[in-house]
Amino acid sequence: MKEVTEQAVRRPGPEPDPTTHEYGLATPTTRTHAPPLEAQAAAASPPLTRRATRTNTSTTTPPHPRAPESDQAAGLAMVAPGGGGAGPSLWPAAEELAFVRKKVSEISGRDENEVRVAACPYRICPLGAHIDHQGGIVTAMTINHGVLLGFVPSSDSEVVLQSGQFEGVIQFRVDDLQKPIDNPENINWESYARGAVYALQNNGYDLKKGIIGYISGVKGLDSSGLSSSAAVGIAYLLALENVNDLIISPVDNIQLDKSIENKYLGLENGILDPSAILLSRYGYLTLMDCKTASPSYVYFSELSKSHQSPGQLPFKILLAFSGLQHNLPKKRGYNTRVFECKEAARALLCSSGSEEASNILRDVDPALYEAQKCILDENLSRRAEHYFSEMKRVAKGRDAWARGNLQEFGQLISASGRSSILNYECGSKEMIQLYEILLKAPGVLGARFSGAGFRGCCLAIVEPDHAEAAAEFVRVEYEKAQPELVCHIPADRRVRVCEPGDSARVVLPDHRS
């Protein structure tokens, strides 16, 4: 039987009635579906040490996404043998695992049965666009595609890596001192592996063993606004932790990945991407409070939970690609907007006499914003308006999801897309055209940009019976609008129909004889 381990990822528990704050969302101290992450980590693993003994346990898939009460109390996560979650479409598929294991075997000379695989899914953010870096509350779920890193422990501290997307071989040692990249133009695929070592080193973790590995994403989905960079960073973290017998909770891995992006690569992003990848569960909408790093979960739908079978969620996820690819660290637009949000927060807080040092919009009371927004210049006013209106959409979206109201949920997603264009001012001409085409496609309930929104793809929530028709509509109409861009996108990569996914995990080898 195959054994699967998730590095301290937890199953969300039942949800008491939340106490609400001014946005109608649970307060940071209120337990919704899950206890605070610190408590989850304590339940799922022994007190964290820099070198800990790993205990692997075999897990099986429950008949419903909710784990038994005894498992919830213990903080246990349950996943399907072979690497899939409790969803209708198991990812990674057996053939994907076999391919990666074969590659690692060829590189390392080791048996395929020794190869472990870090499976890190891509993510979407239905609501909560561009507010994670301001301490906002965001929603997320993963999809059934992502990054696979096959690996075996090296005999010493050496790291040897090959890629399915890039040429060449990476070689360095985990005991080499890693220094932050000072020029974004120097970032390449090697940077994320070195960044993972940097993050672990700078947080005091003792690395003795390197890895020999092969990493591969999904062609057409990398650099498309689906957090492929976060998935890569997390994959390297999980692999290095695995071979060095480190048990690190998701809350710590979220911060470690943030360290890769912020301190090593120089990107001023928040914790949305790693939180989504490490905490999402099939069938649940994950809400992450980016100020307190506290998650909560809402199952679709709360009212019909006892009657709904996993695998029959009444929607699909449509991803439509613009043909414009981006690399966030090399784009000034993202960091500029983060700075403008902070400037808006500083101006509003100063107007009230506050000496708040953090200068994020989450620290600004909505009543203060309404009273003092007239002091902001046009750019800062737009950024602040996006933040405060998006927080309201997140609150309404949470309730719509819990009631099973996909129509309302979709309308909020589309409204988020409009605010991203008008107030956050992201999106190129091509991305805006693609967004508008999606809104006209049959069965589409809501659409918006994915990721930073400057390039990449747009996402949509679509009725399952209309998913293929919607995909074809978008293919045809976007080709009419941008024939020169579309001709460079392979036909099978222009629009994808996806399913919700599960969380990042390490898939252990099949030990059957």
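**Reading strands, sheets and helix packing in a predicted model**

Author: Strand E11 (residues 457-462) is mostly covered, with 6 of its 6 residues buried. The model is a predicted one, in which local features need pLDDT of at least 70 and side-chain atom pairs count only at pLDDT 80 or more, while totals for chains, interfaces and linings use all residues. Residues are numbered from 1 along each chain as its sequence is written, and side-chain values use heavy atoms, with hydrogens and water left out.

Reader: What do "buried" and "strand" mean here?

Author: Buried denotes under 20% relative accessible area, exposed over 50%, and partly exposed in between, with a 1.4 Å probe and protein chains only. Strands (E, at least two residues) and helices (H or I, at least four) are DSSP runs numbered from the N terminus. In E11, Cys457, Leu459 and Ile461 on one side are buried, as are Cys458, Ala460 and Val462 on the other.

Reader: Which strands pair with E11?

Author: Two strands pair if DSSP finds at least two bridges between them. Strand E9 (residues 316-321) runs antiparallel to E11 and is joined to it by 6 bridges; Phe321 stands opposite Cys457. Strand E10 (residues 444-449) pairs with E11 over 5 bridges, also in the antiparallel sense, and Gly446 has Ile461 as its bridge partner.

Reader: At what angle do helices H11 and H12 pack?

Author: Axes are lines fitted to C-alpha atoms, for helices over the stretch in contact, and angles run from 0 to 180 degrees between N-to-C directions. Helix H11 (residues 406-422) and helix H12 (residues 429-440) pack at about 160°, with axes 12 Å apart. Angles under 35 degrees count as roughly parallel, over 145 as roughly antiparallel, 65 to 115 as roughly perpendicular and the rest as oblique; H11 and H12 are therefore roughly antiparallel. Ser414, Gly417, Arg418 and Ile421 of H11 make the contact with Ile432, Tyr435 and Leu439 of H12, where contact means heavy atoms within 4.5 Å.

Reader: Why is strand E7 described as largely enclosed?

Author: Strand E7 (residues 284-289) has 6 of its 6 residues buried, so it is largely enclosed by the rest of the structure. E7 pairs with strand E8 (residues 294-299) over 6 antiparallel bridges, and Asp289 stands opposite Ser294. E3 also pairs with E7 in the antiparallel sense, over 4 bridges, and there the bridge partner of Ile137 is Asp289. The hairpin of E7 and E8 has 4 residues between the strands, and Ala293 takes a positive phi near 60°.
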